[in-house]
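Hi! Keep the picture open while you read.

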Amino acid sequence: MEGILPIIITGLAILIFQVCMYFLIIKMFYKKVRTAKAIVRNGLGGTKVATSKGIYIIPSFHTYEILDLSSKSIRVKLLDDNNLITRDDLRIDIKASFMMRIKYELEQIKRVSETIGATNASNSEHLKELFSSKFIEALKTVARKYEFKELLDSRSAFRDNVIDIIGTDLYGFILEDCAIDYIEKQ
């Protein structure tokens, strides 16, 4: 009996050590995300995305980025020399806001991460650089179809036409809304 007690104590100590190491490893390598964010992990095992749950990231084998999934607003101002021309050849100043976000699907999140990069997709200034020319072109194209009075009377139709021209292929982003904040004849 006296010879067995040290063996039992040693066995329990080893078991407790292993359990502690197991939880320590989980704590070190398991990353979780908050609401409206995603983790994109690259490396061994390919690209994996985790949104509402966590994912294991082993630094020697994986790299990861946090992707912000919240809505982003891009404001476009076409004023003075860089304004719109209507069908009746009037120059108009316009301010518009475009609300966009990443579609909350794993494949779309992965696509955004691969094409734009998680850091760039979370940066509003980079998104403005990337999409503002497309938004401006859509505004100019649609404004050319309307007379100034029509623009003032049917802003919602103008907005809907702008959204239709922009389309759905925005590198995994979706356009939620377009708000025409200001229209004025120059």
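The points below go from the whole chain down to single residues.

1. **What kind of model this is.** Keep in mind that this is a predicted model, where local features need pLDDT of at least 70 and side-chain atom pairs count only at pLDDT 80 or more, while totals for chains, interfaces and linings use all residues. Residues are numbered from 1 along each chain as its sequence is written, and side-chain values use heavy atoms, with hydrogens and water left out.

2. **Overall build.** The protein has six helices and nine strands.

3. How much of the protein is buried? Of its 186 residues, 32% count as buried. Here buried means under 20% relative accessible area, exposed means over 50%, and partly exposed is in between, using a 1.4 Å probe and protein chains only. The protein exposes about 11,400 Å², and carbon and sulfur atoms supply 56% of that area. (The areas come from the Shrake-Rupley method with a 1.4 Å probe; for residues, only the protein chains shown count as cover.)

4. **Contacts along the chain.** Take the contacts between residues at least 6 apart in sequence: 67% of them join residues at least 24 apart. A contact means heavy atoms within 4.5 Å.

5. **Charges.** There are 27 positive and 24 negative charges, and their mean positions are 6 Å apart. Lys and Arg count as positive, Asp and Glu as negative, with His and the chain ends not counted. Each charge is placed at NZ of Lys, CZ of Arg, CG of Asp or CD of Glu.

6. **Cysteines.** A disulfide is a covalent bond between the sulfur atoms of two cysteines. How many disulfides does the structure hold? It holds zero, where a disulfide is a pair of cysteine sulfur atoms within 2.5 Å. Have a look at Cys20 and Cys178 too: Cys20 is partly exposed at 47% relative accessibility, whereas Cys178 is buried at 1%.

7. **Gly172.** This residue sits in the loop between α6 (155-166) and β9 (173-185). Gly172 is buried, because its relative accessible area is 3%. Which residues does Gly172 touch, leaving aside its neighbours within four places in sequence? They are Arg101, Ile102, Lys103, Gln108, Arg111 and Val112.

8. **Two positive phi angles.** Most residues other than glycine have a negative phi. Ala36, in the loop between β1 (30-31) and β2 (37-43), has a positive phi near 65°. Asp89, in the loop between β7 (84-85) and β8 (91-102), also has a positive phi, about 60°. Ala36 is partly exposed at 31% relative accessibility, while Asp89 is exposed with a relative accessible area of 54%.

9. **Helix α4.** Both Ser124 and Glu129 lie in this helix, which covers residues 124-143. Ser124 is partly exposed, at 35% relative accessible area, and Glu129 is exposed, at 64%. The C-alpha atoms of Ser124 and Lys72 are separated by 6.6 Å, although the two are 52 residues apart along the chain. For Glu129 and Ile74, 55 residues apart in sequence, the C-alpha distance is 9.6 Å.

10. **Phe61.** Is this one buried or partly exposed? Phe61 counts as partly exposed, because its relative accessibility is 48%. The residue lies in the loop between β4 (55-56) and β5 (62-68). Beyond its neighbours within four places in sequence, Phe61 is in contact with Asn42, Gly43 and Leu44. Its C-alpha atom is 59 Å from that of Glu150, 89 residues away along the chain.

Methods:
Helix = DSSP H or I, 4+ residues; strand = E, 2+ residues; numbered from the N terminus.
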